[in-house]
Amino acid sequence: MTAHAERLPTARATTARAVSDWLARNSLLVTFIALLGTVMIGLAPELFVSDSWMTLLAGREIAQHGLPAHETLTTWPLGRTWTDQQWLAQLLFYGADRLGGLRLAVLFHVSLVTLAFGAAVAAARLRGATPRSTLLLVAICVFVAPWSWQLRAQAIGLPLFVWTLALISSDVRLERRRTLLVFPILILWANVHGSVTLGAALVAIAGLLGLGELVLRRPTTAVWWRSALLLVAPWICVLASPYSYHLIGYYRLLFLDSPATKVIVEWQAPKPNGYLLVFFAVAAATVALTIWKRRRLAVYDIGVIALTLVGALRSGRGIVWFSLAVVVLLPVALDGVLGTKESAIRRRLGLVLSTAFVALLVVTLGVLVPRGDSWYARLWPPPAAHVVATTAHALPANATIYPGDTHGDWLVWQEPSLRGRITFDVRFELLNGREITAIRHFKSMKPDWRTALGGVRIVVLDRANSQSQIKALRAEPGSRVLYEDNATIAIERPQG
């Protein structure tokens, strides 16, 4: 009995020391993840955007009606082919909501974002980068694309991108068995977000480098096999979805002639003004550092940085992938400027920092997580959706609702009875040229804006970005305001 009592404290002391040693060695990673998680949880209501409601709504559609093949939610593209490439991500987020409400969906999302940046930090350290360079770059890059913090299906793709890049960049020749994990990662990715094409490109670049080796030196059978596998297999993984070859048309539309680029600023090429100056500054510094310290980077690293930078310059949605690539690949180059010798951080300081920020995260979770859905969705007032639904049901069945760029999916999420009454939502890939033109003409208040609205009887708009539209709608004889607050306004238009 006495011997057992003596062993128990010893075992506890050993476990406590092992935990404290791990925290001290990984204080950078632990502190960063805890701080990022705390900030995101504190900003939870700000994480919900139109894409968030689309993700949840589409997940509900799949759970209730199965995988979609044709559009049934909105009126303008009703009946058109809907290739729901993100189906698995949508189902997972909806499942989280069903299990624990919006709080669990937010926690799932925050976990994904922090996991992505945490994995990027870990990958940089495994590549030999110092904590100083890694911390400096991740502290900058996490703010390069803050819209990547928003709750949307893309969040699941973030850690998948980092894992794919980490595996391939550390084994370009595919000589380690664990690197084969990129293929199941790509298969999972192919069912959660369209950025899987970028993941396939990350792997295919290694295949191209293998082909270059075949040209420069006498090839071996192993090199032929690896190069062919890396070049071809990723694109097969991209089509590993219930939609299979139908995804080819989806990606062609998405990347070559996406209607979203004509309406949504985030899909357009970024311009050097406002907050985007942060991205352009980081991009310029990245190019300069890559050229200056190119000997510290592999050819593969330079190729990935170039690819992700071109993607970011083509569309603001691509900036997040560039920022993650910088965190993984560039710290070793920055070490060439700052040096690899660092004044050792005392073990106690690292332990105190990591413990303090973990404690802060725990306190934040304890205070904010118990709050109900009304707090998380406080920027999206349910009374607005209820008033719109009540009014719509009193109108003829063919009376439709124009939801602006942001409110369509949220309205149907809040009021399922509005399914089939909304003109369009954020899935702009379903719309044709005439419908995109109608949206643009109403946004810019062209002389034919009334024709563009057609038989729309209710318009729901974001007040901050729709002042001219609101003024024109109010001026229509017979119009009336159904709901109005600081952020949202709903207006009923006269018939005819």
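This is a predicted model: local features need pLDDT of at least 70, side-chain atom pairs count only at pLDDT 80 or more; totals for chains, interfaces and linings use all residues.
Figure 1. To find Ser244, go to the loop between α9 and α10 (246-256).

**Figure 2. Met445, another residue with a positive phi.** Met445 is found in the loop that joins α19 (433-443) to α20 (449-453). Its phi is near 55°, a positive value in a residue other than glycine.

**Figure 3. The whole protein, for orientation.** Before the next close-ups, here is the setting. The secondary structure comes to 21 helices and four strands. The protein has 496 residues, and buried residues make up 51% of them. How much of the contact count comes from residues 24 or more positions apart? Taking the contacts with a separation of 6 or more, such pairs account for 76%.

**Figure 4. Helix α4 alongside helix α6.** Two packed helices are described by the angle between their axes and the distance between the axes. Helix α4 covers residues 87-126 and helix α6 covers residues 154-169. Their axes come within 7 Å and cross at roughly 30°. That makes α4 roughly parallel to α6, because angles under 35 degrees count as roughly parallel. The crossing of these two helices is left-handed. Which residues of α4 and α6 meet? On the α4 side they include Leu92, Phe93, Phe108, His109 and Leu112. On the α6 side they include Ile156, Leu158, Pro159, Val162 and Trp163. Sorted by class, the contact of α4 with α6 has 18 nonpolar residues, one polar residue and no charged residues.

**Figure 5. Helix α4 alongside helix α13.** From α4 come Ala116, Phe117, Ala120, Val121, Ala123 and Ala124, which meet Leu324, Val327 and Val328 of α13. How many charged residues does this contact have? By class, the contact of α4 with α13 has no charged and no polar residues, but nine nonpolar ones.

**Figure 6. The buried side of helix α7.** Helix α7 spans residues 182-189, and its buried residues are Val182, Phe183, Ile185, Leu186 and Trp189. Where do they sit around the helix axis? They cover an arc of only 160° around the axis, so they lie on the same side of α7.

Figure 7. Follow the chain into the loop between α7 and α8 (196-216) and you will find Asn191. Is Asn191 buried or exposed? At 7% relative accessibility, Asn191 counts as buried. Leaving aside neighbours within four places in sequence, Asn191 is in contact with Gln85, Gln86, Trp87, Leu88 and Ala89, and also with Ala240, Ser241 and Pro242.

**Figure 8. Ser227, in helix α9.** Ser227 is found in helix α9, which runs over residues 221-238. This serine is buried, with a relative accessible area of 4%. Not counting residues up to four places away in sequence, Ser227 touches Gly207, Gly210 and Leu211.

**Figure 9. Val412, in helix α18.** Val412 is found in helix α18 (residues 408-414). At 4% relative accessibility, this valine counts as buried. Which residues does Val412 touch, not counting those up to four places away in sequence? They are Leu57, Arg60, Leu73, Leu418, Arg419 and Ile422. Look for Ala385 too: Val412 and Ala385 are 27 residues apart in sequence and 8.3 Å apart in space, C-alpha to C-alpha.

Figure 10. Trp76 has its place in the loop between α3 (50-65) and α4. How far apart are Trp76 and Arg421, in sequence and in space? They are 345 residues apart in sequence and 9.7 Å apart in space, C-alpha to C-alpha. Leaving aside its neighbours within four places in sequence, Trp76 is in contact with several residues, among them Tyr402, Thr423, Phe424 and Leu431. Its contacts also include Glu435, Ala438, Ile439 and Ala452.

Terms used:
Residues are numbered from 1 along each chain as its sequence is written. Side-chain values use heavy atoms; hydrogens and water are left out. Buried means under 20% relative accessible area, exposed over 50%, partly exposed in between (1.4 Å probe, protein chains only). The arc is that of the directions from the helix axis to the C-beta atoms. Axes are lines fitted to C-alpha atoms, for helices over the stretch in contact, and angles run from 0 to 180 degrees between N-to-C directions. Angles under 35 degrees count as roughly parallel, over 145 as roughly antiparallel, 65 to 115 as roughly perpendicular and the rest as oblique. A crossing is left-handed if the near helix is turned anticlockwise from the far one by less than a right angle, and right-handed if clockwise. Contact means heavy atoms within 4.5 Å. Ala, Val, Leu, Ile, Met, Phe, Trp, Tyr, Cys and Pro count as nonpolar, Asp, Glu, Lys and Arg as charged, and the others, Gly among them, as polar.
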